[in-house]
Amino acid sequence: MKHDTHEIDVLVVGAGGAGLRAAIEAAAAGARVGLVCKSLLGKAHTVMAEGGIAAALANVAAQDDWRTHFRDTMLGGKMLNNWRMAQLHAQEAPERVRELERWGAVFDRTPQGTILQRPFGGHTHPRLAHVGDRTGLEMIRTLQDRCVQSGVQVFMECTITHLLRDGARVAGAFGYWRESGRCVVFRARAVILATGGVGKAFEITSNSWEYTGDGHALAYEAGAELIDMEFMQFHPTGMVWPPGVKGILVTEAVRGEGGILRNSKGERFMEKYDPKRLDLSTRDIVARSIHTEVREGRGSPHGGVFLDITHKGADYIKRKLPSMYTQFLELADVDITRDPMEVGPTAHYMMGGVRVDAETAASTLPGLFAAGEVAGGMHGANRLGGNSLSDLLVFGRRAGLAAAEYARALPGVPALDPVQVDSAERALMAPFERPHGESPYDVHQALQKTMHALVGIFRTEKDLQSAIEELGRLKTRAARVRVEGSRLYNPGWHLARDLECMMLCSEAIARCALLRRESRGAHSRLDFPKTDEALGKVNNFARREGEQMKVGSSPLPGMPADLRRIVEEVKA
Amino acid sequence: MSHPPPETNRTAVLRVYRGEAGKGDFRDYPVPVAPGMVVLDAVHHAQAHDAPDLAVRWNCKAGKCGSCSAEVNGRPRLMCKTRLDELPLEAPVTITPLKAFPHLKDLVTDVSWNYEINRRIPPFQPRPDTDWKYSQEEADRVQEFRKCIECFLCQDVCHVLRDHDKKDLADPRHLFVGPRFLVRVAGLEMHPLDAGSRTRFLKEQGGIGLCNITKCCTEVCPEQITITDNAIIPLKERVVDDFYDPLRLLFGRRGR
């Protein structure tokens, strides 16, 4: 079948914060850059980020510095983070934020006229540079405009389905145009994955349709290694009512601005679970606390708890949380300046991802890089709010730089293997060939229910084993789905492909969760409720061996003594 | 707490435009109505049960990304923010694609023209000597414009684009960048630290004179940006100041 071919130096897959920042940097380093996104430009999940970008600018708390940010991040991640990533992140985030400002971003201001910072869960000081509750929009628009001015070629509404290889290195990628259904080949010297997470594998999620774990699956299929896949973050506060909006994010900034969680008896229940940090405890703890309150019969009418910000006054709320105000007013008939919100946990963020080198964002496969949510290691067992947007900037930039250097150093363009292209195309078109088969929508729904019921906030060996068996059955069903209609903009067909990625990630999540016989961060085992010190020294990994998924443990990189001292200073 | 009363056994009929490249017709899909349901939920229901290949753009389903723009009962709306219970459900709910842009399939149109326009706008140009300090009041003025989620509803409803099709990328005499990009230019022009000027762009390439202030754009903006009064009119005034003010013509352009 005919397909277009594009030849570039660096292909960036995904146009959220990490992809855009990577593309800008690679182009600045002189590479010819192509940026592929599944949606229109500027619609990636980053646009939904609300609360802010964590960076020790010390504009509000003069005593803040990278060391404190580093320590907060490591403690929040239950010490499972890649220490070097956490260090680079804390050191470089302030400069990345100032850079956004130089590119035109307009952050909220302090009385002195500098970038304002707000408190957030797990952060010692007010640290989040923000724009009301639409920080992600400001960030993506700033990067998007910078990107198109940098000469980056943007390929919108294009889905990458396979990475192409030349021997042991990456040679490009294969995909299709959503609009026409035609195939496309990108020959590239280096590929950066910036595809985000996999929330769509869960029934209740804050994530958009794009979040189907494509990058995780692409990397895995091509032979790269995934780590920490058992750590799926459930954001404590998603909407719970009405049914159609279940899971939509209620920003942590509500609590950052003084919002209080209460149960049906009016009790401020976080006093019980984390008396020191209360409502601004880390997300893993708050999510579990809410879940426990609901399970023990102290929930709100629609199965959540109450989040109350009314005491801050209508003017303040409308100024600092404008989109929360309209979101609740328009979608739930609740005026949050007068009544509390009903909220509950929602699948939000994948801490695990492609194993990368901290300095360069290089994966274990030569020529393949990964940045942002699709990369693993930075956040350990639990991500702090605000650390995602800064992660995108810090490691997006590093990935762009390293990929451009890698591309330049490569002696020639990697060879294109027509056999790989043919087989990728056959796999993509297969659902059209089947005369009978299930609807991909039905299988997707079954997957979401399975993951929600058996691989959710609280896990047990029995549930995880049932999940793995059920995922095996679902995999067979997914391999038999049939799609109707033509190849022109066909969402059923698109979902058939996305399902394979979600299925693979789900399997990795369940298998790694089974392997980790302890509770740590976002991973809570009812059968192993305690933290096991020995397991705090290993990452679980998943990689492909033939057609089998191999999971195992590998030692964490050792932290130098000076950094260890920084972490232990406050622990003591 | 106030909640809409639970609706029992109600069914709405979605009447969706189906077809390719402007050739198509309407199909009806029955959808059970759940409390608080929005039009996009109903479209998803139709997709999952009756029409798996029904083409529609969407991302966040929370009014933040501006992807799911369409015309609901003839009015440009975000489907994720349009509640079924605010529509008359005795009659079918008619959903058609944006009219101002070329039709691709079902509810999806080709909006790539907008991205080409965006690329042409002279970028942010910070003052060379700035200390990067400014007040919240100064920020407020441009933050209004920066709220734009690029849903293109304002472009869709603008008669210069919708009825007169002033979208000729090759001939500036027949090109109007539309309200969205006047908002974007306003965000740059009024940025407290911007040293650039885009009045020549507005006059010679942006077609700002073609806007005759009917304010339709302001009415449909889901972000409640006061497009006409706060963005377009001040920009028109700047163009007049820079190019038509006789004193300025004599003594040179003001420094900004």
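How many residues does the contact take from chain B and from chain A? The contact takes 50 residues from chain B and 52 residues from chain A. The views below come from a predicted model.

**Figure 1. The side of chain B that touches chain A.** Four elements of chain B each give two or more residues to this side: α1 (39–49), β6 (103–105), α2 (112–120) and α3 (136–146). The largest share comes from α3(B), with five residues. Sorted by class, the residues of this side of chain B are 26 nonpolar, twelve polar and twelve charged.

**Figure 2. An open sheet in chain A.** The sheet has four strands, in the order β15-β10-β19-β20 (chain A), and their pairing is antiparallel. Strands β15 (353–354) and β20 (548–555) of chain A stand at the edges; each has a single partner strand, so one side of each has no neighbour in the sheet. As background, strands of a sheet pair through backbone hydrogen bonds, in either a parallel or an antiparallel way.

**Figure 3. The pairing of β19 with β20 in chain A.** Strand β19 of chain A covers residues 538–545 and is joined to β20(A) by eight bridges. The two strands run antiparallel. One pair can be picked out by name: A:Phe541 has A:Gly552 of β20(A) as its bridge partner.

**Figure 4. A helix across the sheet of chain A.** Helix α15 of chain A, residues 491–515, lies across β10 (226–227), β19 and β20 of chain A. The helix runs at about 45° to β20(A).

**Figure 5. Two domains of chain B.** The domain assignment of chain B gives domain 1 (11–109) and domain 2 (112–251). The C-alpha centres of these two domains of chain B lie 30 Å apart. Their contact takes twelve residues from domain 1 of chain B and 13 residues from domain 2 of chain B. On the domain 1 side of this contact in chain B, six residues are nonpolar, three are polar and three are charged.

**Figure 6. Helices α6 and α9 of chain B.** Helix α6 (residues 179–189) and helix α9 (residues 227–243) of chain B pack at an angle of about 70°, and their axes are 9 Å apart. The two helices, α6(B) and α9(B), are therefore roughly perpendicular to each other. The crossing of α6(B) and α9(B) is left-handed. Among the residues that make the contact are B:Leu182, B:Val183 and B:Ala186 of α6(B), and B:Ala231, B:Ile232 and B:Leu235 of α9(B). By class, the contact of α6(B) with α9(B) has ten nonpolar, no polar and two charged residues.

Conventions: Residues numbered from 1 in each chain as written. Chains lettered and ligands numbered in written order. Predicted model: local features only at pLDDT ≥ 70, side-chain atom pairs only at ≥ 80, totals over all residues. Pairing = 2+ DSSP bridges. Contact = placed C-beta atoms within 7 Å. Axes fitted to C-alpha atoms, helices over the stretch in contact; angles between N-to-C directions. Nonpolar A, V, L, I, M, F, W, Y, C, P; charged D, E, K, R; others polar. Domains from an automatic or database assignment. Parallel < 35°, antiparallel > 145°, perpendicular 65-115°, else oblique. Left-handed = near helix turned anticlockwise from the far one by under 90°.
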